[in-house]
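Colleague: I'm new to this one, so please put the model up and let's talk through its rings.

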Amino acid sequence: MNTLLAIIITTVRESIRKKQLYVLLIFGILVVILTSLANFFEMNEQTRFIKNISIFIIPIIGVIVATFSSARQLPNEIEDKSIHPLLVKPISRWEYIIGKYLGVLVITWFSMLIISLIFLCFIFLKNIPITATFFQCIILFLIQIAIYISIVLFFSTILSHGANIVLSLLLFVLLHSYGPKLNEIISGSTNILHRIFLKILFWIPPHFDYFNISSAVIYDYPEQSFIILIPFLIYAIIYIAIFLMFAGAIFSNKEL
Amino acid sequence: MNVAIQINNLTKIYKPRPFLPPKKALSNLSLEIYEGEVFGFLGPNGAGKSTTIKLILDLIKPSSGYVKIFDEKNSSKKIKSRLGYLPEFSTYNNYLTPRELLTMYGRIFKIDKQTLKKRIDELLYLVKMDKHIDERIKTFSKGMIQRVGIAQALLNEPDLLILDEPASGLDPIGRKEIRDLILMLKQKGKTIFFSSHELTEVETLSDRVAIINKGELLKIGLLNELIPYKQGYEFIVYELNIDEFKERCKQPFSSEKTKTGEIKITIENLELPYEIIETIKNLNGKIISVRRIRPTLEETFMITIGEK
């Protein structure tokens with residue numbers, strides 16, 4: 001536990017001391033403020049506009065922080081050899097991977113929660129009712145980003161820093177949209193082998209679109225119990241475990 | 001004597017990229033380093049020194065052969081907690097301070113808070129970095145980073161220290177401090193395995209030395225075995241008429257003026273110096289020093305590499 005904590009604290013400390021995080025947070029806060037001050041809509045439309053922007057900005061900030069934090073961890077430390085004096089100490093490569101994952105997760109969630117909090121403050125000040133759905137939406141974003149970080153970390157064991165950033169961002173977009181598109185193709189297909197192949201393709205990658213309940217927030221759908229989040233959590237844990245396992249297995253055999 | 005590091009038929013073949021020929025970095029290297037000794041590991045650039053060190057430290061896997069440390073697998077956490085390592089190109093997380101870096105490592109070693117705090121203060125004082133304890137490593141010079149590196153290598157009071165070019169980046173005072181540190185650790189019974197290009201340093205510190213080149217072990221042994229004394233003496237004198245000395249001396253000799261104006265007389269194949277000393281005194285010459293001739297490690301190294 002001490003070992004994991006040491007890696008987590010160092011990862012968070014390093015991220016906080018890099019200026020990129022502050023630039024992103026300031027950008028996010030500015031967007032929040034400008035959005036909230038925009039009063040060229042009618043009241044209902046303005047409420048919808050603020051919710052729309054917040055639902056859009058929170059995961060964007062999360063993805064950017066997650067991508068840039070995770071993608072550079074391994075490749076940079078291997079390239080500058082700062083990983084050598086660390087790995088000759090009594091720490092396994094698995095502990096290193098998990099520690100890095102948790103460190104990036106902490107900093108990413110922290111960033112997303114800061115922006116969420118600021119949005120909540122403005123929503124509260126505008127007397128816009130805050131529903132449980134909004135909190136559920138944020139929780140789902142947090143869970144979604146936890147899966148995403150595990151994917152980026154996995155790629156960092158096989159790709160360079162730059163290649164990882166490009167691929168991960170593309171994948172983030174793809175994993176949001178491929179599900180519905182693939183479903184359409186499957187419905188339209190009559191060939192059984194083709195359908196089986198597409199079904200496998202459908203089920204293997206994680207579906208980020210499942211974690212997006214922005215419509216429920218914007219259009220004030222009826223509130224649901226927080227228990228509905230449990231299957232999403234289990235789904236996420238399975239994928240996180242798979243990606244971290246692959247990352248750990250590759251890194252364990254990596255020549256440094 | 002107990003074996004600290006056992007290297008058995010270690011071979012490492014790198015396969016850089018597909019379609020490129022594999023590169024043999026190490027070929028059937030076998031070595032034993034004993035507990036309590038200072039072992040110097042020499043070789044020109046690209047000889048396989050860093051590869052050997054990485055294999056010892058389990059940073060890379062061998063193509064064949066194995067390494068054992070204190071008779072256990074070198075990958076075990078128990079063994080790693082007894083090791084200290086100073087890399088050649090010391091780099092650490094630039095955004096941390098020495099205190100934070102050592103605290104991180106200390107947590108990994110499971111050193112308790114109080115002991116860790118005390119040890120960090122002591123070590124940074126030892127390496128003269130106590131005044132920079134809370135400054136970020138990215139602001140440090142190469143020598144300062146090396147000093148932090150030495151501190152982290154000693155944090156867990158290791159039984160085995162592996163130092164890759166320990167004096168790299170240090171000024172002459174720093175080099176002397178490293179030498180003194182190594183000697184102090186040796187007196188405490190620590191085992192030290194170090195590679196260095198500073199042959200005078202290796203000659204001063206090492207009990208045994210190994211020379212490798214192109215991945216193969218060329219020579220290994222005690223310094224006295226590798227650099228045997230020759231039959232001959234060197235005399236540093238002044239106020240001596242060299243022509244008169246030539247007439248009196250029955251032995252062939254060579255002479256040259258030193259930078260400080262004295263005369264250096266070298267006589268090979270001389271069993272004992274007493275007769276020559278008498279001759280010099282009779283000619284009213286003043287003797288500053290008499291030394292038995294011994295080749296330097298550098299000469300031995302160059303001959304060994306050249307032979308291969």
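Colleague: Is Phe245(B) buried or exposed?

Modeller: This is a predicted model, where local features need pLDDT of at least 70, side-chain atom pairs count only at pLDDT 80 or more, and totals for chains, interfaces and linings use all residues. Residues are numbered from 1 along each chain as its sequence is written, chains are lettered from A and ligands numbered from 1 in the order written, and side-chain values use heavy atoms, leaving out hydrogens and water. Buried means under 20% relative accessible area, exposed over 50%, partly exposed in between (1.4 Å probe, protein chains only). Phe245(B) has 0% relative accessibility, so it counts as buried.

Colleague: How many aromatic pairs are there over all chains?

Modeller: Rings of Phe, Tyr and Trp (its six-membered ring) pair if their centres lie within 6.5 Å; planes under 30 degrees apart are stacked, over 60 edge-to-face, the rest tilted. By this rule, the count over all chains is 19.

Colleague: And what kind of pair do Phe245(B) and Phe253(B) form?

Modeller: Start with Tyr233(B) and Phe235(B), a tilted pair at 6.5 Å and 40°. Tyr233(B) is buried at 11%, as is Phe235(B) at 0%. With ring centres 5.0 Å apart and planes at 75°, Phe245(B) and Phe253(B) are edge-to-face.

Colleague: How far is the charged end of Arg82(B) from the centre of the ring of Phe70(B)?

Modeller: A charge sits over a ring if NZ of Lys or CZ of Arg is within 6 Å of the ring centre and within 35 degrees of the ring normal. Lys89(A) sits this way over Tyr105(B), 4.3 Å from the ring centre. For Arg82(B) over Phe70(B), the distance is 3.9 Å.
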